[in-house]
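Subject: Structure handover

Hello,

Here is the structure for you to take over. Please look through it first; my notes on what was found follow below.

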Amino acid sequence: MKNNPIIFVMGVSGSGKSTIGKFLAQKLNLDFFDGDDFHPKENVEKMAKGNPLNDEDRKGWLIRLNQLSHEMRDIGAVIACSALKHSYRKLLRDGMEEQMEFVFLKGSFELVSERLNARKGHFMPPELLRSQFEALEIPKAALTVSIENTPEMIVDTILRKLAGK
């Protein structure tokens with residue numbers, strides 16, 4: 001594994017990015033950041049009204065998360081972020097290519113939809129899940145992990161894959 005890694009745990013809403021990211025950060029003794037906390041107020045309001053974000057909405061948010069990566073480069077971090085498109089991951093990775101890892105939490109629409117419907121209090125309504133699956137560009141350069149297992153098993157799989165790099 002890289003020294004002081006910046007690990008983005010990515011996937012659609014409801015795939016477990018925050019749960020897995022927090023657990024992974026704890027195991028690696030790294031700080032955890034939930035990318036959703038960095039959305040500007042306008043993005044949160046737009047999603048809360050049932051409207052999906054577009055590329056322009058996401059740009060400032062992604063730039064801020066890239067800045068966070070640079071701020072954490074000396075100590076490492078785990079960041080939960082959807083990073084649905086290749087262009088988003090490219091922007092997140094800018095200037096951090098050697099230090100950054102992406103972990104893609106992969107699950108079926110049905111499984112993620114079930115989880116999202118059970119989740120209460122999140123600003124993104126389950127009705128927007130289809131738009132996230134439509135926008136998702138499956139990453140080629142990421143550690144891919146199925147979300148069908150327990151969080152412990154998922155994190156153990158991630159740790160084994162990171163150790164093998």
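Helices (H or I, at least four residues) and strands (E, at least two) are taken as DSSP runs and numbered from the N terminus. On that basis, the order of elements in the chain, starting at the N terminus, is β-α-β-α-α-β-α-β-α-α-β-α. That makes seven helices and five strands. Please keep in mind that this is a predicted model.

Overall dimensions

The radius of gyration of the chain is 15 Å, which agrees with the value near 15 Å for a compact globule of 165 residues. Along the principal axes, the C-alpha atoms fill a box of roughly 40 × 35 × 25 Å. Of the contacts with a separation of 6 or more, 76% are between residues 24 or more positions apart. Buried residues make up 45% of the 165 in the chain. The accessible surface is about 8,500 Å², and carbon and sulfur atoms account for 49% of that.

Charges and salt bridges

There are 24 positive and 23 negative side chains, and the centres of the two sets are 3 Å apart. Side chains of opposite charge can pair when their charged atoms come close. How many salt bridges does a search of the whole structure find? The search gives four, and three of them are described here, one by one.

Asp 55 and Lys 85 form a salt bridge with an N to O distance of 3.0 Å. Asp 55 belongs to helix α3 (residues 55-71) and Lys 85 to the loop between β3 and α4, so this pair ties together parts that are 30 residues apart in sequence. Lys 85 counts as buried, with 19% relative accessibility, while Asp 55 is partly exposed at 37%.

Arg 64 and Glu 71 also meet through their side chains, in a salt bridge of 3.3 Å, N to O. Arg 64 is partly exposed at 27% relative accessibility, and Glu 71 is exposed, with a relative accessible area of 52%.

Lys 41 pairs with Glu 45; the closest N and O atoms of this salt bridge are 3.8 Å apart. Both residues are in helix α2 (residues 41-48), four residues apart, or about one turn of the helix. Lys 41 is exposed at 59% relative accessibility, and Glu 45 is partly exposed at 38%.

A charged residue without a partner

Arg 89, in helix α4 (residues 86-93), is buried yet has no salt bridge. Which side chain of opposite charge is nearest to Arg 89? It is Glu 137, at 4.9 Å. A salt bridge requires a side-chain nitrogen of Lys or Arg within 4 Å of a carboxyl oxygen of Asp or Glu. Beyond its neighbours within four places in sequence, Arg 89 has contacts that include Met 10, Phe 102, Glu 137, Ile 138 and Pro 139.

A buried strand residue

Ile 79 lies in strand β3 (residues 77-80). Its relative accessibility is 0%, so Ile 79 counts as buried. Setting aside neighbours within four places in sequence, Ile 79 is in contact with Ile 6, Ile 7, Phe 8, Val 9, Phe 33, Gly 35, Leu 65, Leu 68 and Ser 69. Leu 129 is 50 residues from Ile 79 in sequence, and the C-alpha atoms of the two are 21 Å apart in space.

Regards

Notes:
Residues are numbered from 1 along each chain as its sequence is written. This is a predicted model: local features need pLDDT of at least 70, side-chain atom pairs count only at pLDDT 80 or more; totals for chains, interfaces and linings use all residues. Side-chain values use heavy atoms; hydrogens and water are left out. The radius of gyration is taken over C-alpha atoms; the globule rule is 2.2 Å times the number of residues to the power 0.38. Buried means under 20% relative accessible area, exposed over 50%, partly exposed in between (1.4 Å probe, protein chains only). Contact means heavy atoms within 4.5 Å. Accessible areas come from the Shrake-Rupley method with a 1.4 Å probe; for residues, only the protein chains shown count as cover. Lys and Arg count as positive and Asp and Glu as negative; His and the chain ends are not counted. The place of a charge is taken as NZ of Lys, CZ of Arg, CG of Asp or CD of Glu.
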